[in-house]
Each structure stands twice: as structure tokens, then as C-alpha cells.
Amino acid sequence: MGSGKGRAARVRGLDGVAVTRSAWGLYREARRPGAPGPVARVRALPRLLRDAMAGRYPGVGPGKLAALTLAVGVYLLSPVDAVPDFLPLLGWGDDTALLLWFLAGLTRESGRYVEWAAGRAATTDSEIARI
């Protein structure tokens, strides 16, 4: 049988401490000089999703994005949870942590997307200038 450490490693990203660290890391990343701010990241989410699903953005493949979205959606809607929803506060805690983890990951990726799109636009502009 597997050890407790193996199970903990599989669900590491879903506990409250990891979500807090992820949110703090996202905040620090957004505050880095020259990095896209939180508003730019949120505004870029629809473009990120569109370009990722169309296969134009190399940072996230359409299959991975669809699989993660489906897995999170199924877990949130499923009556079977790691912690049953009828328990006060704790029941929705795992759902909330999972949703925050997913949204923080999307927001973090949207920052990389904004930088990628800016680099792509600069490359296109320089190619046009050479003509």
C-alpha cells in the first residue's frame, strides 16, 4: 500500500496553506517591475482561453486546459468530495481551495500570456518595419 507521503504529494496543491502560498506568489509575481498587473491579467483571460483552445498559445495546450477545467468542474459539482459539503465550513473549504488554486493558476498563466502576446506583437511590428 502507498505511504501517507505519496498521498500528500498528490494533493499538495489543494490544501489551504498551498493555496495561500500560491496566492501570495501570484501577488508577488504581479508586483514585479515590468510584469503585467492584476487588471491586465484578468482582462487577458478571455484571449488566453481563446488562443489556448485554438492552439495558438504554446504555454497551455487545448487538451490540458480542457482536462483541468473539466476535472475542476466535475469535482465542484460532484456530490462525492474529499470533505463532505454538509460539514459546516470544512465542507466547502476543499471546494473553495480547489477553485482558488485553479483561478490562481489561470491568472498566473495569463501574466505569461500577456508577456508572450506583447513579444509576438513586437516581432510582428519589427517584421513589418523591415518591409
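Helix axes here are lines fitted to C-alpha atoms over the stretch in contact, with angles running from 0 to 180 degrees between N-to-C directions. The model discussed below is predicted.

Q: What makes α3 oblique to α4?
A: Let's start with the geometry: the axes of α3 and helix α4 (residues 62-77) come within 7 Å and cross at roughly 120°. Roughly perpendicular covers 65 to 115 degrees and roughly antiparallel begins over 145, so α3 counts as oblique to α4.

Q: How do you know what span to expect for helix α3 at 1.5 Å a residue?
A: The expected span is 1.5 Å times one less than the number of residues. Helix α3 (residues 38-54) has 17 residues, for which 24 Å is expected, and its first and last C-alpha atoms are 24 Å apart.

Q: Where does α3 bend, and which proline follows?
A: The bend is at leucine 45 and amounts to about 40°, with proline 46 following within four residues. Leu45 is also among the buried residues of α3, together with Arg41, Ala44, Leu48, Asp51 and Ala52. Just after this helix, glycine 55 has a positive phi of about 80°.

Q: Why is threonine 107 called buried?
A: The cut-off for buried is under 20% relative accessible area. Threonine 107 has 16% relative accessibility, so it counts as buried. This residue sits in helix α5 (residues 90-130). Leaving aside residues up to four places away in sequence, threonine 107 touches Leu26, Arg41 and Leu45. Of these, Arg41 and Leu45 are buried residues of α3.

Q: How many helices and strands does the chain have, and how much of the chain is buried?
A: There are five helices and zero strands, giving the order α-α-α-α-α from the N terminus on. Of the 131 residues, 26% count as buried. As for contacts between residues at least 6 apart in sequence, 56% join residues at least 24 apart.

Note on methods. Residues numbered from 1 in each chain as written. Predicted model: local features only at pLDDT ≥ 70, side-chain atom pairs only at ≥ 80, totals over all residues. Heavy atoms only, no water. Helix = DSSP H or I, 4+ residues; strand = E, 2+ residues; numbered from the N terminus. Buried < 20%, exposed > 50% of the residue type's maximum accessible area, 1.4 Å probe, protein only. Contact = heavy atoms within 4.5 Å. Bend = angle between axes of the 7 residues up to and from the residue. Parallel < 35°, antiparallel > 145°, perpendicular 65-115°, else oblique.
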